[in-house]
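I set out to record where space is left inside one protein model and what surrounds its ligands. The entries below follow the order in which I looked things up.

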Amino acid sequence: VTLAQQGPVTLWARDGAAVETMRATRQIPRLPGVTLPETVRVTADLAETDTAGVVLLALPMQALGAFLADHPRPNPALVACCKGIDLATGRGPSALIAETCPNAQPAVLTGPSFAADIARGLPTALTLACADAGTGAALQLALSTPTLRLYRSTDVTGAELGGALKNVIAIAAGVTMGAGLGDSARAALMTRGFAEMNRLAAAMGARPETLAGLSGLGDLVLTCTSAQSRNYRYGHALGAGETFDPRTTVEGAATAGAAAAIAAARGLEMPVTEMVAALVARRIGVEDAMAALLARPLKEE
Ligand SMILES: NC(=O)C1=CN([C@@H]2O[C@H](COP(=O)(O)OP(=O)(O)OC[C@H]3O[C@@H](n4cnc5c(N)ncnc54)[C@H](OP(=O)(O)O)[C@@H]3O)[C@@H](O)[C@H]2O)C=CC1
Ligand SMILES: O=C(CO)COP(=O)(O)O
């Protein structure tokens, strides 16, 4: 919606009925109240995107690998908008793109931004990460709009891991608030969670300044403090012992398990992440999880 202010955009979706509805009504079922500009062409025919210079891949992380394997994309630049670690392979979106679409430059668009805010034209700032600096600069220019401000980076690993791991900590923050443990406990979990994000990212070659930027700290703050976040709301329901619609995309649930497995393989301590993975898998309850975190040996900060 925001990019369509600057020129024609093709929006592909797999659901033909949803495409027909969007064409007819110019409304987006997932973004109530937002009208599709006339410059957005909606299609259920994926081949219509084949000649685009840039494609934004906006589907859930756990669906990306199979989607690309089934539909390798011919476009020169593929920008992943998903946040997470693939549970099956332990890889991020750019590695899945590189594997399935070897002729494409993989890039990542990530940072604190709710789709509804961007579509309403509210100001947002994101990180555009691409290992190839020239492609990254071109994408930054092409995808920035008057209300969407992109900062560029060549640290794809850092940008991906910041966006993936903050969702896990957001679940923990939601659990804390849902269980009535208070704002102080949430701030502690956010801070210690951020330390874990940095630990894993550094071990995987990311730059600390990327984690301290929009794609890491920026998105951590947003997602841990806003009830607009699905990861936060899911955690809140867990903490409060309430049900949660299982059809909702909650990226941190799978990513908690993937990150905990990587940390274990590398001998890294990630107690908050491990606890979220255990909570999601129902191996532990909220009270026991909190007690276990508080009972850890005292240490230097
Ligand atoms: N929503 C937001 O505010 C933000 C989301 N993100 C990230 O974007 C990614 C997608 O999230 P979001 O759009 O909110 O998720 P939703 O669940 O709202 O939408 C997912 C979309 O992907 C489609 N989809 C799912 N599986 C497949 C598949 N196998 N093949 C083709 N299409 C598929 C769905 O189609 P169908 O309707 O047919 O199921 C739907 O259109 C996530 O990684 C999320 O973290 C990042 C920043 C902000
Ligand atoms: O990543 C997001 C905001 O930057 C969206 O968060 P949720 O997936 O938790 O809704």
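**Entry 1: conventions**

I note that this is a predicted model, in which local features need pLDDT of at least 70 and side-chain atom pairs count only at pLDDT 80 or more, while totals for chains, interfaces and linings use all residues. Residues are numbered from 1 along each chain as its sequence is written, chains are lettered from A and ligands numbered from 1 in the order in which they are written, and side-chain values use heavy atoms, with hydrogens and water left out.

**Entry 2: ligand 2**

I asked which residues surround ligand 2. I found Lys83, Gly111, Pro112, Ser113, Phe114, Lys166, Asp219, Leu222, Thr223, Ser229, Arg230 and Asn231; a residue is near a molecule if one of its heavy atoms lies within 4 Å of it. By class, this shell has three nonpolar, five polar and four charged residues. Here Ala, Val, Leu, Ile, Met, Phe, Trp, Tyr, Cys and Pro count as nonpolar, Asp, Glu, Lys and Arg as charged, and the others, Gly among them, as polar.

I then listed polar contacts (pairs of N or O atoms within 3.5 Å; within protein, one must be able to donate a hydrogen and the other to accept it, and residues adjacent in sequence count only if both atoms are side-chain atoms). An N or O atom in the side chain of Lys83 is 2.7 Å from an oxygen atom of ligand 2. For Asp219, a polar side-chain atom lies 2.7 Å from an oxygen atom of the ligand. Ser113 takes part through a polar backbone atom, 3.1 Å from an oxygen atom of ligand 2. On its own, ligand 2 has 300 Å² of accessible area, and the protein covers 93% of it; accessible areas come from the Shrake-Rupley method with a 1.4 Å probe, and for residues only the protein chains shown count as cover.

I looked up which elements contribute to the shell. Both α9 (214-225) and α10 (230-240) supply at least two residues, and α9 gives the most, with three. Helices (H or I, at least four residues) and strands (E, at least two) are DSSP runs, numbered from the N terminus. Why does ligand 2 lie between domain 1 and domain 2? It does so because domain 1 (3-156) and domain 2 (165-294) both give residues to its shell; the bounds come from an automatic or database domain assignment.

**Entry 3: ligand 1**

Ligand 1 has 18 residues around it, and Arg30, Ala115, Arg230, Thr249 and Glu251 come nearest. The shell divides into 10 nonpolar, two polar and six charged residues. The side chain of Arg230 has an N or O atom 2.7 Å from an oxygen atom of ligand 1, and the side chain of Arg30 has one 2.8 Å from an oxygen atom of the ligand. From Cys81, a polar backbone atom is 3.4 Å from an oxygen atom of ligand 1. The protein covers 73% of the 890 Å² of accessible area that ligand 1 has on its own. Domain 1 and domain 2 both give residues to the shell around ligand 1, so this ligand lies between them.

**Entry 4: cavities**

Rolling a probe the size of a water molecule over the atoms shows where empty space is left. On a 1 Å grid over the protein atoms alone, a cavity is a set of points where a 1.4 Å probe fits but cannot get out, and a pocket is an open set with protein on both sides within 12 Å along at least five of seven lines; lining residues have an atom within 4 Å of a point. Grid points are joined across faces, edges and corners, and a volume is the space filled by probe spheres set on the points.

I found two cavities of 30 Å³ or more.

Of its 20 lining residues, Ala188, Arg192, Leu293, Leu294 and Arg296 are the closest to its centre. α7 (183-203) gives the most to the lining, with six residues.
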